[in-house]
Amino acid sequence: MTNKIIENLVRQKCTPCEGGIDPIPETQIHLMLNGMPGWDYAEGHISKKYTFKNHYQTVAFANAVAWISHREDHHPDVSVGYNTCNVSYTTHAINGLSQNDFICGAKVDHLFDL
């Protein structure tokens, strides 16, 4: 993993967000996404589709994403198909994106690279 944005985010820990802060501005979102290949931004969410060889690997990955979510106390929407897993993050308390979404996205990418 040589990407400096992902390397920096993976080392961070999510902080509780109960609202009262502004979502990350779109200009900053696009800068962050430049360092997170494969992630897309739309309607206040970042998302990425991961592809695997079989259903077992897909479900194992989804379970590992759940473990990350539990540790960080920040939970994505996850949809699982036969060999694909779609992961989508947003911060509901602010109706947009927070640093937590990028931290978790980077950790999921890091997991995928293991």
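Predicted model: local features only at pLDDT ≥ 70, side-chain atom pairs only at ≥ 80, totals over all residues.

Reader: Sheet first. What is the strand order?

Author: The order is β1-β2-β4-β3, in an open sheet of 4 strands with antiparallel pairing. β1 (40–42) and β3 (77–80) are the edge strands, each with a single partner, so one side of each has no neighbour in the sheet. On average, neighbouring strands are turned by 20° against each other, direction ignored.

Reader: How many bridges join β2 and β4?

Author: There are 6 bridges between β2 (residues 45–51) and β4 (residues 84–89), in the antiparallel sense. Ile 46 has Tyr 89 of β4 as its bridge partner. Lys 48 stands opposite Val 87 in β4.

Reader: And how many bridges between β3 and β4?

Author: β3 and β4 pair over 4 bridges, again antiparallel. The two strands form a hairpin, with 3 residues between them. Here Val 78 has Val 87 of β4 as its bridge partner.

Reader: Val 87 again. What does Val 87 touch?

Author: Leaving aside neighbours within four places in sequence, its contacts include Trp 39, Ile 46, Tyr 50, Phe 61, Val 65 and Pro 76. Lys 48 is also in contact with Val 87.

Reader: Helices now. Which strands does α3 lie across?

Author: Helix α3 (residues 55–72) lies across β2, β3 and β4. It runs at about 20° to β4.

Reader: And which strands does α4 lie across?

Author: Helix α4 (residues 99–112) lies across β2 and β4, at about 10° to β2.

Reader: How far apart are the end C-alpha atoms of α4?

Author: They are 20 Å apart. At 1.5 Å a residue, its 14 residues should span 20 Å, so the two values agree.

Reader: How many residues of α4 are buried?

Author: 10 of the 14 are buried, so α4 is largely enclosed by the rest of the structure. Among the buried ones are Asn 100, Asp 101, Phe 102, Lys 107 and Asp 109. The cover over the buried residues includes α1, α2, β2, α3 and β4.

Reader: On to the core. How many residues are in the largest nonpolar core?

Author: That core has 26 residues. Trp 39, Phe 61, Val 87, Tyr 89 and Phe 102 have the most contacts inside it. Two or more residues come from each of α1 (4–10), α2 (26–34), β2, α3, β4 and α4. The largest share is that of α4, with 5 residues.

Reader: Rings next. How many aromatic pairs are there?

Author: The structure holds 7. In one of them, the ring centres of Trp 39 and Tyr 50 are 6.5 Å apart and the planes are at 80°, so that pair is edge-to-face. Trp 39 lies in the loop between α2 and β1 and Tyr 50 in β2, so the pair ties together parts 11 residues apart in sequence.

Reader: Are Trp 39 and Tyr 50 buried or exposed?

Author: Both are buried. Trp 39 also pairs with Tyr 89, and this pair is tilted: 6.3 Å centre to centre, with 40° between the planes. Tyr 89 lies in β4, so the link from the loop of Trp 39 joins parts 50 residues apart in sequence. Tyr 89 is buried too.

Reader: Last one. Which residues form the aromatic cluster?

Author: Trp 39, Tyr 50, Phe 52, Phe 61, Tyr 89 and Phe 112 form one cluster.

Note on methods. Residues numbered from 1 in each chain as written. Heavy atoms only, no water. Pairing = 2+ DSSP bridges. Axes fitted to C-alpha atoms, helices over the stretch in contact; angles between N-to-C directions. Contact = heavy atoms within 4.5 Å. Core = buried A, V, L, I, M, F, W, Y, C linked by side-chain atoms within 4.5 Å. Buried < 20%, exposed > 50% of the residue type's maximum accessible area, 1.4 Å probe, protein only. Expected span 1.5 Å × (residues − 1). Phe/Tyr/Trp six-rings, centres within 6.5 Å; stacked < 30°, edge-to-face > 60°.
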